[in-house]
Amino acid sequence: QPGEPILRVRGLGTGYGDLRVVWDVSFDVWPGQLTVLLGRNGAGKTTTLRAVSGLNKASAGRVELAGRDITKAAAHTRVKRGMAYVQEGKRVFHGLTVEQNLLLGGYTRRLKRPALREEAERMYELFPVLGDKRALLAGTMSGGQQQMLAIAQALMAGPELLMLDEPSGGLAPVIVNEVMERVGRLKETGIGILLVEQAVEASVAVADHVAVLDMGRVVLSAPADEVDDLQDAYFGRT
Ligand code: ATP
């Protein structure tokens with residue numbers, strides 16, 4: 001891989017209270033690339049993201065952001081250092097316009113109004129549908145559009161690492177592909193992306209690296225172009 005990973009996770013262990021649900025998990029995310037975490041329901045994907053973001057405590061292992069050990073850093077400190085996390089089922093503010101939602105996302109950067117608006121314009125280039133609907137209430141948009149708004153809102157904080165937990169959740173298959181394609185294009189901005197997904201094919205298509213979790217452990221870790229028939233090997237046919 002060229003250069004240093006933006007995120008390096010080594011031997012991570014975490015859980016809830018005394019209940020350990022993630023064991024010895026290791027993976028990397030590189031700038032301008034996308035790593036997808038796959039696995040069945042309950043495999044430990046969300047719990048892993050929670051530990052990387054600082055919402056869960058790591059009971060073992062190490063998390064590094066841009067070469068810096070952040071294993072014990074508070075969640076808000078990680079945000080300040082360049083991490084953005086869109087949790088599963090994240091809702092946007094329905095009663096605010098698309099643009100107001102975006103501007104809120106940039107709030108922590110203490111940018112002046114013109115700079116914030118420039119950032120919003122950048123988001124409209126990444127997600128043209130948001131530009132078209134900037135003056136509309138977010139609640140009037142479709143589920144896929146609201147998911148894109150949630151992602152753009154997180155990007156307004158100017159992260160170097162974007163973590164997305166199941167952005168395809170609850171969306172129709174054709175919309176899932178559209179959202180994945182947009183997420184894949186975000187790599188061009190140079191940020192690293194860590195994606196948790198159930199939509200195996202659509203996410204692997206835009207991924208550079210794949211890690212499969214099962215029962216809280218990594219059972220497969222490989223470049224995306226080297227994994228075939230994941231669906232059969234790890235998820236079975238129902
Ligand atoms: P899903 O796609 O269903 O979210 P996942 O791979 O993200 O699955 P996790 O949500 O990380 O899996 O769950 C991993 C394990 O941790 C599961 O056995 C789950 O029951 C357990 N778990 C999740 N959240 C909690 C919690 N708040 N308290 C206790 N156990 C939890």
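**Pockets and ligand shell of the predicted model**

The residues lining the second largest pocket divide into two nonpolar, five polar and four charged, where Asp, Glu, Lys and Arg count as charged, Ala, Val, Leu, Ile, Met, Phe, Trp, Tyr, Cys and Pro as nonpolar, and the others, Gly among them, as polar. The structure is a predicted model, in which local features need pLDDT of at least 70 and side-chain atom pairs count only at pLDDT 80 or more, whereas totals for chains, interfaces and linings use all residues. Residues are numbered from 1 along each chain as its sequence is written, and side-chain values use heavy atoms, with hydrogens and water left out.

The lining of this second pocket includes Glu88, Lys90, Arg91 and Glu166, and its volume is about 190 Å³. The largest pocket has a volume of about 320 Å³, and among its 17 lining residues Val79, Met83, Ala84, Tyr85 and Val86 are the closest to its centre. A pocket is here an open set of points on a 1 Å grid over the protein atoms alone where a 1.4 Å probe fits, with protein on both sides within 12 Å along at least five of seven lines, and lining residues have an atom within 4 Å of a point. Eleven nonpolar, four polar and two charged residues make up the lining of the largest pocket.

Around the ligand, 14 residues form the shell, of which Gly42, Gly44, Lys45, Thr46 and Thr47 come nearest, a residue being near if one of its heavy atoms lies within 4 Å. Oxygen atoms of the ligand lie 2.8 Å from a polar backbone atom of Gly42 and 2.7 Å from one of Thr46.

Key. Points joined across faces, edges and corners; volume = space filled by probe spheres on them. Polar contact = N/O pair within 3.5 Å; in protein donor to acceptor, adjacent residues only side chain to side chain.
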